[in-house]
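Visitor: I have not looked at this one before. Can you take me through some of its helices?
Guide: Here it is.

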Amino acid sequence: FNLYDFCIASVKERFNGFCLRLSQGSPNEKCWSEHLSLSFKSLLDRSLKRSEDEDFFNSAPKPVLSKKIKEASKDPGKILELSVLEINPIELARQWTLLDLQMLRRIRPYELLRKNFEKSESSPHVTAIKNRFNKLTLWIATEILTIENLKQRIRVLSHFILVAEHL
C-alpha cells in the first residue's frame, strides 16, 4: 500500500475493517488497532492537508523579463504580441518546469500501477501530462517550421535548444 491508496474509499474501508476486527480481539490486538488507526489517520491528515503551492513556489527566483514584457505588465489591459525570441530561455524553462511540477504532483501512485497509465480514465493526471507534452511539442514544431527565412528559423531553433538545456 501507498499513502495515497488510502484516498480511495474501498482501500480506506478495508483498512478500517481490519482495524475493527483487531479491536474486537485480545487486549494486545486492541492496543495495536488503536495505535494503527491513530498513526495512519495522523499521517493521512498531514499528507492530504499539504498545500499545492508550498514554500517551493513562494521562494522562486525573480523572473527574467524583457523590456517589452515589463512595459506590458504596467498595463494589464494591453494585449501583447511576442515572439518566442523575446522570452528569456531560462525564464521559459522555469515557467514550463513550474507548470510540469504542478501537474506531476497531482499524479497518484495508483495511476502508474498495473499499466493504468495506458487508460485515460484510470490515470487522468498522467493523461493530462501526456496531452500537455503533445501540445507543447506541436507548438514548438509549428513555431520553428512556419518561419520561412532560414536565418530566423535557425535563431528560433537555437532558442528552443537553449530552453531545453535549462529544463
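Visitor: Which residue caps the N-terminal end of H7?
Guide: Asn-149 does; one of its side-chain oxygens lies 2.9 Å from the backbone nitrogen of Lys-151. This is a predicted model, where local features need pLDDT of at least 70, side-chain atom pairs count only at pLDDT 80 or more, and totals for chains, interfaces and linings use all residues. Residues are numbered from 1 along each chain as its sequence is written, and side-chain values use heavy atoms, with hydrogens and water left out.

Visitor: Which residues of H7 are buried?
Guide: Val-156, His-159, Phe-160 and Val-163, where buried means under 20% relative accessible area with a 1.4 Å probe, protein chains only. They sit on the same side of H7, because they cover an arc of only 95 degrees around the axis, taken from the directions from the helix axis to the C-beta atoms.

Visitor: And what is on the face turned away from the buried side of H7?
Guide: That face carries Leu-150, Lys-151 and Glu-165, which are exposed (over 50% on that scale).

Visitor: What covers the buried residues of H7?
Guide: Helix H5 (89-106) and helix H6 (124-145) are among what covers them; contact means heavy atoms within 4.5 Å.

Visitor: Switching to H5, which of its residues are buried?
Guide: Pro-89, Glu-91, Leu-92, Ala-93, Trp-96 and Met-103. Their cover includes H6 and H7.

Visitor: Which residue caps the N-terminal end of H5?
Guide: Asn-88, with a side-chain oxygen 2.7 Å from the backbone nitrogen of Ile-90.

Key: Helix = DSSP H or I, 4+ residues; strand = E, 2+ residues; numbered from the N terminus. Polar contact = N/O pair within 3.5 Å; in protein donor to acceptor, adjacent residues only side chain to side chain.
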